[in-house]
Amino acid sequence: AVLVNGFGLDLANSNALMNMYGKGGHLVCARKVFDRMWKRNEIAFSTMMAGYGMHGKCGEVFELFDKMVEAGERPDGVTFTAVLSACSHGGFIDKGREYLKMMEVRFGVKPGLHHYTCMVDMLGRVGQVEEAEKLILRMEVKPDEALWGALLGACKTHGKLEVTERVEER
């Protein structure tokens, strides 16, 4: 109905439509909206990346990130949350480290709590609990329950009792 009535050309409506399709798992429909957009901004790219990432399509996330940068759009914190989340769910540890570094060094985006939580989750999934702990200690933002929970969950999964004890002391 949105497209039939001519509202599909509007950037905000197209982004909302992509978001709805992406969250519902209708990635082909979301991509059709994305591909038909006459203008794309960082929100459009990030929305499409988040949809792909949510459904395990990590390759598409990385491909869109590259297209976004090539198109001259600057990735923002939301973009990096989508990319780091995909890295976490897909087990792309090296890519995750690369994107976290790229975030600050190349694009001047300060990592926030969501970014660090993605990294801790990613490292914790593969048992690199000590590295996740070191990352938390180097952060400039205050950890919250979700971040500590991600670390403690990884400690439990991988039997890292000594890290659990240090976290409990904090």
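Is Glu169 buried or exposed? I took this question as the start of my notes on the structure, which is a predicted model.

**Entry 1: Glu169.** I looked up the relative accessibility of Glu169 and found a value of 69%. Exposed residues are those over 50%, so Glu169 counts as exposed. I then located Glu169 in the chain: the residue belongs to helix α10, which covers residues 161-169.

**Entry 2: The surroundings of Glu169.** I next looked up the charges on the surface. Glu169 is part of a patch of negative charge there, together with Glu162, Glu165 and Glu168.

**Entry 3: Charges in the whole protein.** I turned from the patch to the totals. I noted 22 positive side chains and 23 negative ones. The centres of these two sets are 4 Å apart.

**Entry 4: Secondary structure.** The protein has 10 helices and 0 strands. Its pattern along the sequence therefore reads α-α-α-α-α-α-α-α-α-α, given that helices and strands are taken as DSSP runs numbered from the N terminus.

**Entry 5: Extent and surface.** I recorded the box filled by the C-alpha atoms, which is roughly 60 × 30 × 25 Å along the principal axes. The protein exposes about 9300 Å², and 54% of this area is supplied by carbon and sulfur atoms.

**Entry 6: Burial and contacts.** I checked how much of the chain is covered. The protein has 170 residues, and 42% of them count as buried. I also looked up contacts between residues at least 6 apart in sequence; 57% of these join residues at least 24 apart.

How values were computed
Residues numbered from 1 in each chain as written. Predicted model: local features only at pLDDT ≥ 70, side-chain atom pairs only at ≥ 80, totals over all residues. Heavy atoms only, no water. Patch = residues over 30% accessible without salt bridge, like charges linked within 9 Å, V, L, I, M, F, W, Y side chains within 5 Å. Areas by Shrake-Rupley, 256 points an atom, 1.4 Å probe, with all protein chains shown as cover. Salt bridge = Lys/Arg side-chain N within 4 Å of Asp/Glu carboxyl O. Lys, Arg positive; Asp, Glu negative; His and termini not counted. Charge placed at Lys NZ, Arg CZ, Asp CG, Glu CD. Helix = DSSP H or I, 4+ residues; strand = E, 2+ residues; numbered from the N terminus. Buried < 20%, exposed > 50% of the residue type's maximum accessible area, 1.4 Å probe, protein only. Contact = heavy atoms within 4.5 Å.
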